Amino acid sequence: MRNERKIIQDSTLGVEALLFNGIQQEFPNHWHEYYVIGLMEAGTRQFTCQNTCYIVEAGDLILIPPKAAHRCQQLTEEKQVYRNIHLTPENMAVQVQKIFNTQLRPTFLNRSFAK
């Protein structure tokens with residue numbers, strides 16, 4: 001597996017997509033102005049969001065709302081394959097309205113779902 005970072009921007013959909021393929025790196029505590037919807041395809045990470053820790057493994061999907069502090073670190077030697085999509089709050093509101101016919105916006109559940 002070669003190490004690869006790829007960014008794809010789709011102005012029609014108003015999204016930015018990222019691929020981290022074979023990356024072994026920690027990401028320090030940070031936040032974004034946009035939603036992040038991420039899919040872990042390979043690897044195991046400790047993911048912390050709003051001071052709650054989760055173990056993220058292949059097949060796990062995460063949602064990070066805007067301005068939610070989060071970080072992650074490698075737990076095994078296995079390289080990760082992680083994809084994510086960035087949506088602005090405005091774009092998320094439009095999509096939620098179209099799909100669910102509501103003004104509610106998704107948020108991160110940091111309750112009893114930690115592994």
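With 115 residues, a compact globule would have a radius of gyration near 13 Å, and the chain, at 15 Å, agrees with this expectation; the radius is taken over C-alpha atoms, and the globule rule is 2.2 Å times the number of residues to the power 0.38. The model is a predicted one, in which local features need pLDDT of at least 70 and side-chain atom pairs count only at pLDDT 80 or more, whereas totals for chains, interfaces and linings use all residues. Residues are numbered from 1 along each chain as its sequence is written, and side-chain values use heavy atoms, with hydrogens and water left out.

Taken along the principal axes, the C-alpha atoms of the chain fill a box of roughly 45 × 35 × 25 Å. Of the 115 residues in the chain, 37% are buried, where buried means under 20% relative accessible area, exposed over 50%, and partly exposed in between (1.4 Å probe, protein chains only). Among contacts between residues at least 6 apart in sequence, 65% join residues at least 24 apart; a contact means heavy atoms within 4.5 Å.

The chain has one helix and nine strands. Helices (H or I, at least four residues) and strands (E, at least two) are DSSP runs, numbered from the N terminus. In order from the N terminus, the elements run β-β-β-β-β-β-β-β-β-α. Helix 1 covers residues 89-100 and contains Glu90. Glu90 counts as exposed because its relative accessibility is 55%. Between the C-alpha atoms of Glu90 and Phe20 the distance is 26 Å, and the two residues are 70 apart in sequence.

Strands of a sheet pair through backbone hydrogen bonds, either parallel or antiparallel. Two strands are taken to pair if DSSP finds at least two bridges between them. Four strands form an open sheet in the order 3-8-5-6, with antiparallel pairing. Strand 3 and strand 6 (52-56) stand at the edges with a single partner strand each, so one side of each is left without a neighbour in the sheet. From one strand to the next, the twist averages 20 degrees; axes are lines fitted to C-alpha atoms, for helices over the stretch in contact, and angles run from 0 to 180 degrees between N-to-C directions. Within this sheet, strand 5 (residues 45-49) and strand 8 pair in the antiparallel sense over five bridges, and Gln46 stands opposite Gln73 in strand 8.

Strand 4 (residues 35-42) and strand 7 also run antiparallel and are joined by four bridges. Ile37 stands opposite Leu63 in strand 7.

Three salt bridges are present in the structure, each defined as a side-chain nitrogen of Lys or Arg within 4 Å of a carboxyl oxygen of Asp or Glu. Glu41 and Arg83 meet in one of them, at 2.3 Å from N to O. Glu41 lies in strand 4 and Arg83 in strand 9 (residues 80-87), so the pair ties together parts that are 42 residues apart in sequence. Glu41 is partly exposed, with a relative accessible area of 35%, and Arg83 is partly exposed at 39%. In another salt bridge, the closest N and O atoms of Lys67 and Glu33 are 4.0 Å apart. Lys67 lies in the loop between strand 7 and strand 8 (70-74), and Glu33 in the loop between strand 3 (27-30) and strand 4, so the pair ties together parts that are 34 residues apart in sequence. Lys67 counts as exposed at 54% relative accessibility, whereas Glu33 is partly exposed at 47%. Lys6 forms a salt bridge with Glu4, with 3.8 Å between the closest N and O atoms. Here Lys6 is partly exposed at 41%, while Glu4 is buried at 13%.

A pair of aromatic rings is described by the distance of the centres and the angle of the planes. The structure holds three aromatic pairs. Among them, Phe47 and Tyr54 form a tilted pair, 6.4 Å centre to centre with 40 degrees between the planes; rings of Phe, Tyr and Trp (its six-membered ring) pair if their centres lie within 6.5 Å, and planes under 30 degrees apart count as stacked, over 60 as edge-to-face and the rest as tilted. Phe47 is buried, with a relative accessible area of 5%, and Tyr54 is buried at 8%. Ring pairs also link Phe20, Phe27 and Tyr82 into a cluster.
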